[in-house]
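Hello,

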Amino acid sequence: MTVIVFGSVTADLVFALPELPRPGHTVLGPGYRALPGGKGANQAVAAARDGARTIFVGAVGADAMADIALGGLRGAGVDLSRLATVRAPTACAAVCVGPDGGNQIAVGSGANLLASAQQIEDTMLRPGAVLLLQMEVPPAEVAVAVMRARARGARVILNLAPAAADLPRDILAALDLLVVNEHEAMMVARRLGTAPDAAAIRAALGTDVALTMGESGVTAATAAGLFRYPAFPVKPVDTTGAGDCWCGVLASALDRGLPLDAAMRRASAAAAIACTRPGAASAMPTGAETDALLARR
């Protein structure tokens, strides 16, 4: 079938630094790299490199940054026929990466704020399709896309990242799967008045929940029960795109018919590989690379 990714696309300026800056602190690094990024684009690249037919829906400006931002999507063979070019600058992110692979990221949203759910045709949201969303485009457009997909039978996955924007409870309850990290889980739980764990959030919403915890693995609360998946042990080089890789490969695996537990294990293997490489979209593994890691475990 098809994985449809509605989300952000960004030109990333990546700075490898001896330490991450503190407030009012300037840190000099040896250079920088200009790379494609944005949560939506990263997830689309991850899905496509894993083998899924992938359509990206988003917006860029008519500027030089667009070529950088779209490089990963084009290289992965993602369908860009629903991409809009708008009168706003292409989004740009400053990504500071410390020696342990940790990062700090600042984003100028630009054209991402003009991405519209109306770019997704009704015929795309048919049963069997997977719609993957994040929160770097307007929350109101995310909400519209969720409800349209739910009405037409598509499978809907929301990575609630970043979690600064609030979505109505009925939108979260309309999802097939909510993906959050520990910080995002705390914010959702506070809004719902429940504990910040996968089981409690699922009980409050009636929606399956995957709580990603970095090197501590993933906990998933589903209709079939509570599952825990350990992380694949690796020495991280850059964790910038790991969460996006996890979401994109999860969507790809579900699209090809894998059950949720097997899809999560595959996503965890792919994310582990991404952590061993610099960059975001450029770090996403191929399906063959993920297969090889899974075969060794």
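Strand 2 (residues 10-16) pairs with strand 3 in the antiparallel sense, over 5 bridges. Within that pairing, Leu13 has Ala34 of strand 3 as its bridge partner. Helix 2 (residues 64-75) packs on the sheet and touches strand 2, strand 3 and strand 7, with its direction at about 60° to that of strand 3. Please keep in mind that this is a predicted model.

The sheet in question is open, has 4 strands in the order 3-2-7-8, and its pairing is mixed. Strand 3 (33-37) and strand 8 are at the edges and have a single partner strand each, so one side of each has no neighbour in the sheet. From one strand to the next the twist averages 25°.

At the strand 8 end, strand 7 (residues 91-97) and strand 8 (residues 103-108) run antiparallel and are joined by 6 bridges. Cys92 stands opposite Gly108 of strand 8. The hairpin of these two strands has 5 residues between them, and Gly101 there takes a positive phi near 90°.

Strand 1 has two pairings to report. With strand 4 (residues 54-57) strand 1 pairs in the parallel sense over 4 bridges, and Val3 has Thr54 as its bridge partner there. With strand 9 (residues 130-133) the sense is also parallel, over 4 bridges, and Val5 stands opposite Leu132.

Which way do the side chains of strand 1 (residues 3-6) point, and are they buried or exposed? Val3 and Val5 point one way, Ile4 and Phe6 the other, and all are buried. In a regular strand, side chains alternate between the two faces of the sheet.

Regards

Definitions and conventions: Residues numbered from 1 in each chain as written. Predicted model: local features only at pLDDT ≥ 70, side-chain atom pairs only at ≥ 80, totals over all residues. Heavy atoms only, no water. Pairing = 2+ DSSP bridges. Buried < 20%, exposed > 50% of the residue type's maximum accessible area, 1.4 Å probe, protein only. Axes fitted to C-alpha atoms, helices over the stretch in contact; angles between N-to-C directions. Contact = heavy atoms within 4.5 Å.
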